[in-house]
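Please read the following report alongside the sequence and the structure. It is written for someone meeting this model for the first time.

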Amino acid sequence: MSNVKQNKELTRRDMLFGGLRCAALGVMGAGGLAAALKRKKLLREGKCLNNGICPQCHVFADCGLPRARSIRDKNSERSDG
Amino acid sequence: MNPMRRTGIILLTALIISLFFCFAAGADTGALRFPPPDFESGYEMPATETPPSASDIYEYLAVIVLAAVLGLGTYFVFTKRKRKYIWGLMIFSLAFFGFWRRGCICPVGATQNITLTIFDQGYAVPVVVIILFLLPLVLSLFWGRIFCGTACPLGAIQDIVLLKPLSVPYWLEVPLRLLGYVYLGMAVLLAVTGAGFIICRYDPFVSFFRFSGSLGALMLGGAFLVVGIFIGRPYCRFLCPYGILLRHLSRISKWKVKISSDECIQCRLCEDSCPFGAIRQPTGEASGEELARRKKMLAVSIVLLPIIVFAGGLGGARISSLLARAHPDVRLADRIYREESGEVAGTTDQSEAFRSTGDQSIESLYELSAEIQATYHQGSRLLGAFLGLVVAASLIRHTVRRRSREYKADPSDCLACGRCFELCPNERLRRQRIKEEEDLRVG
(Lines give C-alpha, C1' and ligand atoms only; values in the text may rest on other atoms or scores of the structure.)
Protein backbone atom coordinates (compact mmCIF):
# COMPACT_ATOMS: atom_id res chain seq x y z
CA MET A 1 0.00 0.00 0.00
CA SER A 2 2.75 2.33 1.05
CA ASN A 3 4.73 1.53 -2.11
CA VAL A 4 1.72 2.17 -4.31
CA LYS A 5 1.21 5.50 -2.59
CA GLN A 6 4.88 6.39 -3.01
CA ASN A 7 4.79 5.42 -6.71
CA LYS A 8 1.74 7.60 -7.21
CA GLU A 9 3.53 10.48 -5.50
CA LEU A 10 6.57 9.92 -7.66
CA THR A 11 4.49 9.97 -10.81
CA ARG A 12 2.74 13.15 -9.71
CA ARG A 13 6.08 14.70 -8.86
CA ASP A 14 7.59 13.61 -12.15
CA MET A 15 4.67 15.13 -14.01
CA LEU A 16 5.03 18.38 -12.12
CA PHE A 17 8.77 18.50 -12.76
CA GLY A 18 8.21 17.62 -16.41
CA GLY A 19 5.77 20.50 -16.74
CA LEU A 20 8.18 22.86 -15.01
CA ARG A 21 11.01 21.73 -17.29
CA CYS A 22 8.92 22.41 -20.38
CA ALA A 23 7.93 25.82 -19.01
CA ALA A 24 11.55 26.67 -18.21
CA LEU A 25 12.68 25.57 -21.67
CA GLY A 26 9.94 27.64 -23.24
CA VAL A 27 10.85 30.74 -21.25
CA MET A 28 14.56 30.35 -22.03
CA GLY A 29 13.92 29.71 -25.71
CA ALA A 30 11.54 32.63 -26.07
CA GLY A 31 13.82 34.91 -24.05
CA GLY A 32 16.88 33.95 -26.07
CA LEU A 33 15.08 34.49 -29.35
CA ALA A 34 13.70 37.84 -28.19
CA ALA A 35 17.18 38.98 -27.13
CA ALA A 36 18.67 37.95 -30.49
CA LEU A 37 15.90 39.69 -32.42
CA LYS A 38 16.29 42.81 -30.30
CA ARG A 39 19.94 43.07 -31.27
CA LYS A 40 19.08 42.70 -34.96
CA LYS A 41 16.41 45.37 -34.62
CA LEU A 42 18.72 47.82 -32.85
CA LEU A 43 21.42 47.31 -35.47
CA ARG A 44 18.90 47.90 -38.24
CA GLU A 45 17.99 51.17 -36.53
CA GLY A 46 21.64 52.18 -36.75
CA LYS A 47 22.45 51.88 -33.06
CA CYS A 48 26.09 51.40 -32.19
CA LEU A 49 26.27 48.21 -30.16
CA ASN A 50 29.26 46.72 -28.47
CA ASN A 51 30.80 43.72 -30.12
CA GLY A 52 32.17 41.93 -27.12
CA ILE A 53 30.73 42.55 -23.73
CA CYS A 54 33.46 44.13 -21.66
CA PRO A 55 35.37 46.49 -23.94
CA GLN A 56 33.43 49.45 -25.24
CA CYS A 57 30.58 48.33 -23.06
CA HIS A 58 28.48 51.36 -22.26
CA VAL A 59 28.09 50.26 -18.68
CA PHE A 60 31.77 50.90 -18.16
CA ALA A 61 31.54 54.32 -19.75
CA ASP A 62 30.91 55.54 -16.21
CA CYS A 63 34.58 55.18 -15.45
CA GLY A 64 35.60 58.55 -16.86
CA LEU A 65 39.02 58.40 -15.33
CA PRO A 66 41.17 58.63 -18.48
CA ARG A 67 39.07 61.54 -19.72
CA ALA A 68 39.42 63.27 -16.38
CA ARG A 69 43.17 62.72 -16.33
CA SER A 70 43.60 64.00 -19.86
CA ILE A 71 41.63 67.13 -19.04
CA ARG A 72 43.67 67.70 -15.92
CA ASP A 73 46.90 67.23 -17.86
CA LYS A 74 45.68 69.58 -20.54
CA ASN A 75 44.69 72.21 -18.00
CA SER A 76 48.00 72.00 -16.19
CA GLU A 77 49.85 72.31 -19.53
CA ARG A 78 47.89 75.49 -20.28
CA SER A 79 48.58 77.04 -16.89
CA ASP A 80 52.27 76.15 -17.14
CA GLY A 81 52.58 77.55 -20.65
CA MET B 1 15.06 4.83 -28.33
CA ASN B 2 16.82 5.42 -25.02
CA PRO B 3 15.26 8.61 -23.52
CA MET B 4 18.69 9.95 -22.59
CA ARG B 5 19.92 9.47 -26.15
CA ARG B 6 16.75 11.03 -27.52
CA THR B 7 17.20 14.12 -25.32
CA GLY B 8 20.85 14.25 -26.33
CA ILE B 9 19.84 14.30 -29.99
CA ILE B 10 17.29 17.04 -29.29
CA LEU B 11 19.91 19.13 -27.51
CA LEU B 12 22.43 18.59 -30.28
CA THR B 13 19.88 19.62 -32.89
CA ALA B 14 19.04 22.71 -30.84
CA LEU B 15 22.73 23.56 -30.63
CA ILE B 16 23.24 23.15 -34.38
CA ILE B 17 20.21 25.36 -35.10
CA SER B 18 21.41 28.01 -32.66
CA LEU B 19 24.92 27.93 -34.15
CA PHE B 20 23.45 28.30 -37.62
CA PHE B 21 21.47 31.27 -36.34
CA CYS B 22 24.65 32.58 -34.80
CA PHE B 23 26.52 32.47 -38.11
CA ALA B 24 23.56 33.97 -39.92
CA ALA B 25 23.62 36.88 -37.51
CA GLY B 26 27.39 37.04 -37.71
CA ALA B 27 27.45 40.08 -39.95
CA ASP B 28 26.06 42.11 -37.06
CA THR B 29 28.98 41.56 -34.83
CA GLY B 30 31.69 43.03 -36.98
CA ALA B 31 34.78 44.59 -35.50
CA LEU B 32 34.83 48.20 -34.38
CA ARG B 33 31.96 49.96 -36.15
CA PHE B 34 33.48 53.40 -35.74
CA PRO B 35 37.25 53.91 -35.66
CA PRO B 36 38.58 56.05 -32.80
CA PRO B 37 38.92 59.76 -33.74
CA ASP B 38 42.26 61.50 -34.30
CA PHE B 39 42.74 63.73 -31.30
CA GLU B 40 44.26 67.09 -32.22
CA SER B 41 45.29 67.65 -28.62
CA GLY B 42 47.65 64.72 -28.78
CA TYR B 43 45.46 62.67 -26.50
CA GLU B 44 46.17 59.00 -26.74
CA MET B 45 43.54 56.37 -26.24
CA PRO B 46 44.29 54.57 -22.99
CA ALA B 47 44.91 50.85 -23.05
CA THR B 48 41.88 48.89 -21.90
CA GLU B 49 42.24 46.80 -18.79
CA THR B 50 39.71 44.30 -20.06
CA PRO B 51 40.65 41.87 -22.84
CA PRO B 52 39.92 43.11 -26.35
CA SER B 53 36.86 41.69 -27.98
CA ALA B 54 37.85 38.57 -29.80
CA SER B 55 37.05 38.16 -33.44
CA ASP B 56 33.83 36.35 -34.27
CA ILE B 57 35.47 33.04 -35.02
CA TYR B 58 36.87 32.84 -31.49
CA GLU B 59 33.48 33.63 -30.03
CA TYR B 60 31.92 30.80 -32.02
CA LEU B 61 34.81 28.59 -31.03
CA ALA B 62 34.02 29.28 -27.38
CA VAL B 63 30.43 28.17 -27.92
CA ILE B 64 31.52 25.02 -29.72
CA VAL B 65 34.10 24.18 -27.04
CA LEU B 66 31.58 24.83 -24.26
CA ALA B 67 29.04 22.56 -25.96
CA ALA B 68 31.69 19.86 -26.43
CA VAL B 69 32.85 20.12 -22.81
CA LEU B 70 29.30 19.93 -21.52
CA GLY B 71 28.52 16.98 -23.78
CA LEU B 72 31.67 15.14 -22.73
CA GLY B 73 31.06 16.05 -19.10
CA THR B 74 27.58 14.57 -19.24
CA TYR B 75 29.01 11.41 -20.78
CA PHE B 76 31.74 11.15 -18.13
CA VAL B 77 29.39 11.77 -15.20
CA PHE B 78 26.46 9.63 -16.32
CA THR B 79 28.00 6.88 -18.44
CA LYS B 80 31.71 6.48 -17.74
CA ARG B 81 31.32 7.58 -14.09
CA LYS B 82 35.03 8.18 -13.61
CA ARG B 83 36.44 11.02 -11.57
CA LYS B 84 39.75 11.15 -13.47
CA TYR B 85 37.98 11.94 -16.76
CA ILE B 86 35.88 14.62 -15.08
CA TRP B 87 39.00 16.06 -13.47
CA GLY B 88 40.83 16.12 -16.81
CA LEU B 89 37.94 17.94 -18.44
CA MET B 90 37.87 20.43 -15.58
CA ILE B 91 41.58 21.18 -16.03
CA PHE B 92 41.04 21.67 -19.76
CA SER B 93 38.22 24.13 -19.02
CA LEU B 94 40.42 26.00 -16.57
CA ALA B 95 43.10 26.33 -19.24
CA PHE B 96 40.75 27.22 -22.08
CA PHE B 97 37.99 29.32 -20.51
CA GLY B 98 40.16 30.64 -17.71
CA PHE B 99 43.70 31.30 -18.88
CA TRP B 100 43.31 31.30 -22.67
CA ARG B 101 40.06 33.23 -22.89
CA ARG B 102 41.02 35.17 -19.74
CA GLY B 103 37.73 34.44 -18.05
CA CYS B 104 35.63 36.51 -20.45
CA ILE B 105 32.96 36.06 -21.41
CA CYS B 106 31.67 33.46 -19.03
CA PRO B 107 28.07 32.47 -18.35
CA VAL B 108 28.47 33.69 -14.75
CA GLY B 109 29.12 37.29 -15.75
CA ALA B 110 26.70 37.09 -18.68
CA THR B 111 23.88 37.07 -16.13
CA GLN B 112 24.26 40.84 -15.90
CA ASN B 113 24.39 41.37 -19.64
CA ILE B 114 21.24 39.36 -20.12
CA THR B 115 19.57 41.33 -17.32
CA LEU B 116 20.53 44.61 -18.95
CA THR B 117 19.29 43.34 -22.31
CA ILE B 118 15.90 42.68 -20.72
CA PHE B 119 15.61 46.05 -18.99
CA ASP B 120 17.54 48.50 -21.18
CA GLN B 121 15.89 49.37 -24.47
CA GLY B 122 19.17 50.44 -26.05
CA TYR B 123 21.33 47.49 -25.04
CA ALA B 124 21.64 44.07 -26.63
CA VAL B 125 24.21 41.32 -26.34
CA PRO B 126 25.62 39.27 -29.21
CA VAL B 127 23.92 35.96 -29.97
CA VAL B 128 27.05 34.14 -28.82
CA VAL B 129 26.61 35.55 -25.32
CA ILE B 130 22.97 34.47 -25.25
CA ILE B 131 23.96 30.92 -26.19
CA LEU B 132 26.82 30.85 -23.68
CA PHE B 133 24.41 31.96 -20.98
CA LEU B 134 21.59 29.58 -21.89
CA LEU B 135 23.47 26.41 -22.80
CA PRO B 136 24.47 25.37 -19.24
CA LEU B 137 21.02 26.31 -17.96
CA VAL B 138 19.27 24.15 -20.56
CA LEU B 139 21.63 21.29 -19.81
CA SER B 140 20.97 21.59 -16.08
CA LEU B 141 17.28 20.95 -16.75
CA PHE B 142 18.23 17.47 -17.92
CA TRP B 143 21.47 16.46 -16.19
CA GLY B 144 22.01 18.91 -13.34
CA ARG B 145 25.07 21.04 -12.68
CA ILE B 146 27.43 19.50 -15.21
CA PHE B 147 28.69 23.01 -16.02
CA CYS B 148 29.89 23.56 -12.43
CA GLY B 149 31.80 20.29 -12.31
CA THR B 150 33.41 20.30 -15.73
CA ALA B 151 33.25 23.62 -17.57
CA CYS B 152 33.41 26.51 -15.11
CA PRO B 153 36.94 27.92 -14.74
CA LEU B 154 36.00 29.65 -11.48
CA GLY B 155 34.98 26.31 -10.01
CA ALA B 156 38.01 24.51 -11.46
CA ILE B 157 40.56 26.88 -9.91
CA GLN B 158 38.96 26.34 -6.50
CA ASP B 159 38.70 22.60 -6.98
CA ILE B 160 42.40 22.13 -7.62
CA VAL B 161 43.38 23.88 -4.38
CA LEU B 162 40.99 21.79 -2.26
CA LEU B 163 43.57 19.81 -0.31
CA LYS B 164 42.20 19.45 3.23
CA PRO B 165 38.42 19.50 2.92
CA LEU B 166 36.47 20.27 6.05
CA SER B 167 32.72 19.91 6.23
CA VAL B 168 30.68 23.02 6.91
CA PRO B 169 27.97 22.35 9.51
CA TYR B 170 24.49 22.36 8.00
CA TRP B 171 23.29 25.16 10.33
CA LEU B 172 26.03 27.37 8.93
CA GLU B 173 25.80 26.20 5.32
CA VAL B 174 22.14 27.13 4.92
CA PRO B 175 22.47 30.83 5.90
CA LEU B 176 25.75 31.13 3.97
CA ARG B 177 23.96 29.95 0.84
CA LEU B 178 21.62 32.90 1.17
CA LEU B 179 24.58 35.19 0.42
CA GLY B 180 24.39 34.03 -3.20
CA TYR B 181 20.84 35.37 -3.45
CA VAL B 182 21.94 38.70 -2.01
CA TYR B 183 24.77 38.86 -4.54
CA LEU B 184 22.47 37.87 -7.41
CA GLY B 185 19.86 40.44 -6.36
CA MET B 186 22.48 43.19 -6.04
CA ALA B 187 24.03 42.27 -9.39
CA VAL B 188 20.64 42.47 -11.10
CA LEU B 189 19.75 45.76 -9.40
CA LEU B 190 23.08 47.41 -10.22
CA ALA B 191 23.03 46.11 -13.80
CA VAL B 192 19.47 47.33 -14.36
CA THR B 193 20.25 50.80 -13.02
CA GLY B 194 23.46 51.03 -15.04
CA ALA B 195 25.68 51.31 -11.98
CA GLY B 196 28.00 48.58 -13.16
CA PHE B 197 28.59 44.89 -13.44
CA ILE B 198 29.63 43.85 -9.95
CA ILE B 199 30.00 40.16 -10.78
CA CYS B 200 32.74 41.01 -13.28
CA ARG B 201 34.21 43.84 -11.24
CA TYR B 202 34.54 41.74 -8.11
CA ASP B 203 35.30 38.44 -9.82
CA PRO B 204 37.88 37.01 -7.42
CA PHE B 205 39.77 34.87 -9.94
CA VAL B 206 39.84 36.95 -13.09
CA SER B 207 43.06 38.67 -12.00
CA PHE B 208 44.75 35.27 -11.92
CA PHE B 209 43.41 34.39 -15.36
CA ARG B 210 44.71 37.68 -16.79
CA PHE B 211 47.92 37.78 -14.76
CA SER B 212 47.06 41.33 -13.83
CA GLY B 213 44.78 43.23 -11.53
CA SER B 214 44.71 45.53 -8.58
CA LEU B 215 46.20 44.48 -5.26
CA GLY B 216 42.71 44.32 -3.78
CA ALA B 217 41.49 41.96 -6.51
CA LEU B 218 44.52 39.72 -6.11
CA MET B 219 44.07 39.64 -2.35
CA LEU B 220 40.39 38.80 -2.71
CA GLY B 221 41.18 35.96 -5.11
CA GLY B 222 44.02 34.79 -2.87
CA ALA B 223 41.72 34.79 0.16
CA PHE B 224 39.18 32.66 -1.68
CA LEU B 225 41.89 30.21 -2.71
CA VAL B 226 43.26 29.97 0.84
CA VAL B 227 39.77 29.34 2.22
CA GLY B 228 39.25 26.93 -0.70
CA ILE B 229 42.06 24.71 0.60
CA PHE B 230 39.75 23.73 3.47
CA ILE B 231 36.23 24.60 2.30
CA GLY B 232 35.19 23.11 -1.02
CA ARG B 233 34.56 25.80 -3.64
CA PRO B 234 33.46 28.62 -1.32
CA TYR B 235 32.65 31.02 -4.17
CA CYS B 236 30.52 28.45 -6.04
CA ARG B 237 28.59 27.37 -2.97
CA PHE B 238 28.02 30.62 -1.17
CA LEU B 239 28.28 33.44 -3.68
CA CYS B 240 28.00 32.44 -7.33
CA PRO B 241 24.87 34.10 -8.76
CA TYR B 242 24.81 31.81 -11.79
CA GLY B 243 25.03 28.86 -9.41
CA ILE B 244 21.73 30.01 -7.91
CA LEU B 245 20.04 29.70 -11.29
CA LEU B 246 21.66 26.33 -11.92
CA ARG B 247 20.70 25.13 -8.45
CA HIS B 248 17.02 25.77 -9.01
CA LEU B 249 16.95 24.32 -12.50
CA SER B 250 18.89 21.24 -11.38
CA ARG B 251 16.29 20.57 -8.73
CA ILE B 252 13.86 19.65 -11.51
CA SER B 253 16.44 17.92 -13.71
CA LYS B 254 15.28 14.80 -15.50
CA TRP B 255 18.33 12.70 -14.65
CA LYS B 256 20.23 12.99 -11.40
CA VAL B 257 23.70 11.86 -10.41
CA LYS B 258 23.40 8.39 -8.87
CA ILE B 259 25.99 7.48 -6.28
CA SER B 260 25.54 3.74 -6.25
CA SER B 261 24.83 1.67 -9.33
CA ASP B 262 23.21 -0.94 -7.07
CA GLU B 263 21.33 -0.88 -3.80
CA CYS B 264 22.98 1.47 -1.29
CA ILE B 265 24.79 -0.41 1.48
CA GLN B 266 24.90 2.74 3.64
CA CYS B 267 28.64 2.67 4.15
CA ARG B 268 28.67 6.51 4.26
CA LEU B 269 31.83 6.70 2.17
CA CYS B 270 30.08 9.00 -0.29
CA GLU B 271 29.08 11.35 2.51
CA ASP B 272 32.67 11.59 3.67
CA SER B 273 33.97 12.04 0.15
CA CYS B 274 31.75 14.97 -0.80
CA PRO B 275 33.45 18.26 0.13
CA PHE B 276 30.39 20.27 -0.91
CA GLY B 277 27.86 18.93 1.59
CA ALA B 278 25.64 17.64 -1.20
CA ILE B 279 24.97 14.14 0.13
CA ARG B 280 21.70 13.65 1.97
CA GLN B 281 21.24 10.92 4.53
CA PRO B 282 18.36 8.45 4.34
CA THR B 283 15.44 9.67 6.40
CA GLY B 284 13.56 6.46 7.08
CA GLU B 285 9.98 6.37 8.27
CA ALA B 286 8.80 9.33 10.33
CA SER B 287 6.94 8.88 13.60
CA GLY B 288 3.45 10.33 13.95
CA GLU B 289 4.74 12.80 16.51
CA GLU B 290 7.40 14.10 14.19
CA LEU B 291 4.99 14.44 11.30
CA ALA B 292 2.63 16.45 13.51
CA ARG B 293 5.48 18.69 14.60
CA ARG B 294 6.54 19.28 11.01
CA LYS B 295 2.99 20.08 9.95
CA LYS B 296 2.84 22.68 12.69
CA MET B 297 6.17 24.15 11.59
CA LEU B 298 4.96 24.24 7.98
CA ALA B 299 1.80 26.09 8.98
CA VAL B 300 3.83 28.63 10.98
CA SER B 301 6.25 29.11 8.06
CA ILE B 302 3.39 29.70 5.62
CA VAL B 303 1.89 32.29 7.96
CA LEU B 304 5.27 33.94 8.34
CA LEU B 305 5.89 34.11 4.57
CA PRO B 306 4.03 37.38 3.81
CA ILE B 307 5.40 38.97 6.98
CA ILE B 308 8.99 38.13 6.06
CA VAL B 309 8.49 39.33 2.48
CA PHE B 310 6.96 42.59 3.71
CA ALA B 311 9.73 43.10 6.28
CA GLY B 312 12.30 42.42 3.57
CA GLY B 313 10.70 45.05 1.35
CA LEU B 314 10.77 47.60 4.17
CA GLY B 315 14.38 46.80 4.98
CA GLY B 316 15.32 47.10 1.31
CA ALA B 317 13.70 50.53 1.06
CA ARG B 318 15.66 51.68 4.11
CA ILE B 319 19.02 50.86 2.56
CA SER B 320 18.15 52.25 -0.87
CA SER B 321 20.14 55.46 -0.38
CA LEU B 322 23.17 53.41 0.53
CA LEU B 323 22.79 51.21 -2.54
CA ALA B 324 22.20 54.22 -4.78
CA ARG B 325 25.70 55.41 -3.96
CA ALA B 326 26.96 52.54 -6.12
CA HIS B 327 25.83 54.58 -9.11
CA PRO B 328 28.58 56.93 -10.38
CA ASP B 329 26.16 59.76 -11.20
CA VAL B 330 24.76 59.72 -7.67
CA ARG B 331 28.27 59.75 -6.23
CA LEU B 332 29.27 62.57 -8.56
CA ALA B 333 26.19 64.64 -7.69
CA ASP B 334 26.89 64.13 -4.01
CA ARG B 335 30.52 65.14 -4.43
CA ILE B 336 29.64 68.24 -6.45
CA TYR B 337 27.05 69.21 -3.85
CA ARG B 338 29.56 68.88 -1.03
CA GLU B 339 32.18 70.81 -2.98
CA GLU B 340 29.70 73.56 -3.80
CA SER B 341 28.49 73.83 -0.21
CA GLY B 342 32.04 73.91 1.10
CA GLU B 343 31.71 70.68 3.06
CA VAL B 344 34.84 69.33 1.36
CA ALA B 345 37.87 71.07 -0.02
CA GLY B 346 39.49 70.32 -3.37
CA THR B 347 38.18 68.37 -6.31
CA THR B 348 38.30 64.83 -7.60
CA ASP B 349 39.11 63.65 -11.14
CA GLN B 350 35.43 63.10 -11.76
CA SER B 351 34.18 66.43 -10.42
CA GLU B 352 36.91 68.29 -12.30
CA ALA B 353 36.07 66.47 -15.53
CA PHE B 354 32.39 67.26 -15.01
CA ARG B 355 33.06 70.98 -14.67
CA SER B 356 35.65 71.12 -17.46
CA THR B 357 33.56 69.38 -20.09
CA GLY B 358 30.46 71.42 -19.29
CA ASP B 359 28.24 68.88 -21.03
CA GLN B 360 25.71 69.06 -18.24
CA SER B 361 24.61 71.70 -15.75
CA ILE B 362 24.82 71.03 -12.02
CA GLU B 363 21.04 71.30 -11.71
CA SER B 364 20.47 68.64 -14.36
CA LEU B 365 23.02 66.41 -12.62
CA TYR B 366 21.09 66.79 -9.35
CA GLU B 367 17.83 65.97 -11.17
CA LEU B 368 19.39 62.91 -12.75
CA SER B 369 20.71 61.84 -9.36
CA ALA B 370 17.24 62.22 -7.82
CA GLU B 371 15.71 60.11 -10.61
CA ILE B 372 18.29 57.39 -10.12
CA GLN B 373 17.72 57.42 -6.36
CA ALA B 374 13.97 57.02 -6.93
CA THR B 375 14.68 53.99 -9.15
CA TYR B 376 16.90 52.57 -6.44
CA HIS B 377 14.18 53.07 -3.88
CA GLN B 378 11.82 50.87 -5.91
CA GLY B 379 14.55 48.40 -6.84
CA SER B 380 15.81 48.04 -3.27
CA ARG B 381 12.29 47.41 -2.05
CA LEU B 382 11.90 44.66 -4.63
CA LEU B 383 15.31 43.27 -3.75
CA GLY B 384 14.38 43.18 -0.05
CA ALA B 385 11.07 41.47 -0.82
CA PHE B 386 12.87 38.94 -3.01
CA LEU B 387 15.33 38.13 -0.26
CA GLY B 388 12.47 37.85 2.22
CA LEU B 389 10.80 35.38 -0.14
CA VAL B 390 14.00 33.35 -0.39
CA VAL B 391 14.31 33.18 3.41
CA ALA B 392 10.65 32.22 3.82
CA ALA B 393 10.88 29.58 1.06
CA SER B 394 13.98 28.18 2.73
CA LEU B 395 12.08 27.92 6.03
CA ILE B 396 9.21 26.11 4.31
CA ARG B 397 11.60 23.78 2.53
CA HIS B 398 13.17 22.74 5.80
CA THR B 399 9.86 21.82 7.32
CA VAL B 400 8.99 19.45 4.49
CA ARG B 401 10.29 15.94 5.04
CA ARG B 402 11.08 13.76 2.06
CA ARG B 403 11.29 9.99 2.41
CA SER B 404 14.47 8.40 1.20
CA ARG B 405 16.01 5.00 1.88
CA GLU B 406 19.52 5.59 0.66
CA TYR B 407 22.26 8.18 0.56
CA LYS B 408 21.57 10.54 -2.32
CA ALA B 409 23.30 13.47 -3.94
CA ASP B 410 21.04 16.51 -3.65
CA PRO B 411 20.69 17.61 -7.30
CA SER B 412 20.58 21.27 -6.35
CA ASP B 413 23.89 21.13 -4.47
CA CYS B 414 25.69 18.37 -6.38
CA LEU B 415 28.42 19.87 -8.56
CA ALA B 416 28.91 16.65 -10.54
CA CYS B 417 32.55 16.31 -9.49
CA GLY B 418 32.38 12.50 -9.36
CA ARG B 419 34.01 12.07 -5.96
CA CYS B 420 31.09 10.17 -4.42
CA PHE B 421 30.75 7.35 -6.93
CA GLU B 422 34.52 7.04 -7.16
CA LEU B 423 34.52 5.76 -3.57
CA CYS B 424 31.26 3.80 -3.65
CA PRO B 425 31.97 0.05 -3.14
CA ASN B 426 29.06 -0.89 -5.41
CA GLU B 427 30.46 1.28 -8.16
CA ARG B 428 33.86 -0.35 -7.76
CA LEU B 429 32.26 -3.78 -8.09
CA ARG B 430 30.44 -2.66 -11.22
CA ARG B 431 33.69 -1.44 -12.75
CA GLN B 432 35.41 -4.68 -11.84
CA ARG B 433 32.60 -6.65 -13.53
CA ILE B 434 32.89 -4.51 -16.65
CA LYS B 435 36.66 -5.01 -16.69
CA GLU B 436 36.30 -8.76 -16.29
CA GLU B 437 33.77 -8.90 -19.12
CA GLU B 438 36.09 -6.90 -21.34
CA ASP B 439 39.03 -9.17 -20.47
CA LEU B 440 36.93 -12.21 -21.30
CA ARG B 441 35.94 -10.71 -24.64
CA VAL B 442 39.57 -9.90 -25.49
CA GLY B 443 40.77 -13.27 -24.25
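Predicted model: local features only at pLDDT ≥ 70, side-chain atom pairs only at ≥ 80, totals over all residues.

## A guide to the fold

Leaving aside neighbours within four places in sequence, Gln112(B) is in contact with Ala187(B), Ala191(B), Phe197(B) and Ile199(B). Gln112(B) belongs to helix 4 of chain B, which covers residues 107–119, and because 25 C-beta neighbours lie inside 10 Å, Gln112(B) counts as buried. Between Gln112(B) and Arg338(B) there are 226 residues of separation in sequence and 32 Å in space, taken from C-alpha to C-alpha.

Asp334(B) is found in helix 17 of chain B, residues 328–340, and with 15 other C-beta atoms within 10 Å, Asp334(B) is partly exposed. Asp334(B) and Ser369(B) are 35 residues apart in sequence, while their C-alpha atoms are 8.5 Å apart in space.

The two chains can be set side by side as follows.

In chain B, when contacts between residues at least 6 apart in sequence are considered, 85% of them join residues at least 24 apart. The domain assignment of this chain gives domain 1, made of 3–23 + 56–253, and domain 2, made of 288–398. The C-alpha centres of domain 1 and domain 2 of chain B are separated by 27 Å, and 11 residues of domain 1 are in contact with 13 residues of domain 2.

Which residues of the largest nonpolar core touch the most other members? They are Leu70(B), Ile130(B), Leu132(B) and Leu135(B), in a core of 104 residues. Helix 5 of chain B, residues 127–143, supplies the largest share of this core, namely 15 residues. Since domain 1 and domain 2 of chain B both give residues to the core, it lies between them. Not counting residues up to four places away in sequence, Leu135(B) touches Leu66(B), Ala67(B) and Leu70(B).

Helix 5 of chain B also packs against helix 13 of chain B, residues 241–251, at an angle of about 30° and with the axes 7 Å apart. Because angles under 35 degrees count as roughly parallel, that angle makes helix 5 of chain B roughly parallel to helix 13 of chain B. The crossing of these two helices of chain B is right-handed. On the side of helix 5 of chain B, the residues that meet the partner are Pro136(B), Leu137(B), Ser140(B) and Leu141(B), and on the side of helix 13 of chain B they are Leu245(B), Leu246(B), Leu249(B) and Ser250(B).

Another helix pair in chain B is formed by helix 8, residues 170–192, and helix 19, residues 362–399, whose axes come within 10 Å and cross at roughly 155°. Helix 8 of chain B is therefore roughly antiparallel to helix 19 of chain B, and the crossing of helix 8 and helix 19 of chain B is right-handed. Among the residues of helix 8 of chain B that take part in this meeting are Val174(B), Leu178(B) and Tyr181(B), while those of helix 19 of chain B include Gly379(B), Leu383(B) and Phe386(B).

Conventions. Residues numbered from 1 in each chain as written. Chains lettered and ligands numbered in written order. Core = buried A, V, L, I, M, F, W, Y, C linked by C-beta atoms within 7 Å. Buried ≥ 20, exposed ≤ 12 C-beta atoms within 10 Å, placed from the backbone. Helix = DSSP H or I, 4+ residues; strand = E, 2+ residues; numbered from the N terminus. Domains from an automatic or database assignment. Contact = placed C-beta atoms within 7 Å. Axes fitted to C-alpha atoms, helices over the stretch in contact; angles between N-to-C directions. Parallel < 35°, antiparallel > 145°, perpendicular 65-115°, else oblique. Left-handed = near helix turned anticlockwise from the far one by under 90°.
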